[in-house]
Amino acid sequence: MKKFVLLPIGFEPPTPEIMAAWEKWFKSIADKVVDGGNPLGPGREITRNGTKELPLGSDSITGYTIINAESLDEAEEIAKTCPMITGVRVYEAISM
């Protein structure tokens, strides 16, 4: 079994409906979850050219979840069920 990181994208102020959708989703994938993660707030991007503020918006990474799946295809299918705001990025966590 491989590990995959799901990164939801897009921010909307949480409503009871949004929170209920996330709770339902986490229950539906409970057998796959390695780390349920946390929501993310505003951040900063640090590069050699300086630091840039990253406010919450439609293109923000707004959380993370780590799951077990057999393949990237299976992780994608799980991500498609996520109550995403804009989208979800899926990355395989490579064992070292």
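My entries follow, topic by topic.

**Ground rules.** I am reading a predicted model, where local features need pLDDT of at least 70, side-chain atom pairs count only at pLDDT 80 or more, and totals for chains, interfaces and linings use all residues. Residues are numbered from 1 along each chain as its sequence is written, and side-chain values use heavy atoms, with hydrogens and water left out.

**Core.** I looked up the largest nonpolar core and found 12 residues, among them Phe4, Leu6, Trp22, Trp25 and Ile67. A nonpolar core here is a set of buried Ala, Val, Leu, Ile, Met, Phe, Trp, Tyr and Cys residues joined through side-chain atoms within 4.5 Å. Buried means under 20% relative accessible area, exposed over 50%, and partly exposed in between, with a 1.4 Å probe and protein chains only. Which elements give two or more residues to this core? They are strand E1 (2-9), helix H1 (16-28), strand E5 (65-69) and helix H2 (72-80). Helices (H or I, at least four residues) and strands (E, at least two) are DSSP runs, numbered from the N terminus.

I then checked Ile67 for contacts (heavy atoms within 4.5 Å). Leaving out residues up to four places away in sequence, Ile67 touches Phe4, Leu6, Ile29, Ala75 and Ile78, among others. Its list also includes Lys2, Lys3 and Lys32.

**Strands.** Two strands pair if DSSP finds at least two bridges between them. E1 pairs with E5 in the antiparallel sense, over 5 bridges. Lys3 stands opposite Asn68 of E5. E1 also pairs with strand E6 (residues 87-93), again antiparallel, over 7 bridges. There, Pro8 has Val88 as its bridge partner.

**Salt bridges.** I count 6 in the structure. The criterion is a side-chain nitrogen of Lys or Arg within 4 Å of a carboxyl oxygen of Asp or Glu.

- Glu23 and Lys27 meet at 3.4 Å, N to O. Both lie in helix H1, 4 residues apart, about one turn of the helix. Glu23 is partly exposed at 48% relative accessibility, and Lys27 is exposed at 61%.
- Lys52 bridges to Glu45, with the closest N and O atoms 3.7 Å apart. Lys52 is partly exposed at 48%, and Glu45 is partly exposed at 35%.
- Glu77 bridges to Lys80, with the closest N and O atoms 3.4 Å apart. Both lie in helix H2, 3 residues apart, about one turn of the helix. Glu77 is partly exposed at 46%. Glu76, Glu77 and Lys80 are linked in a network of salt bridges.
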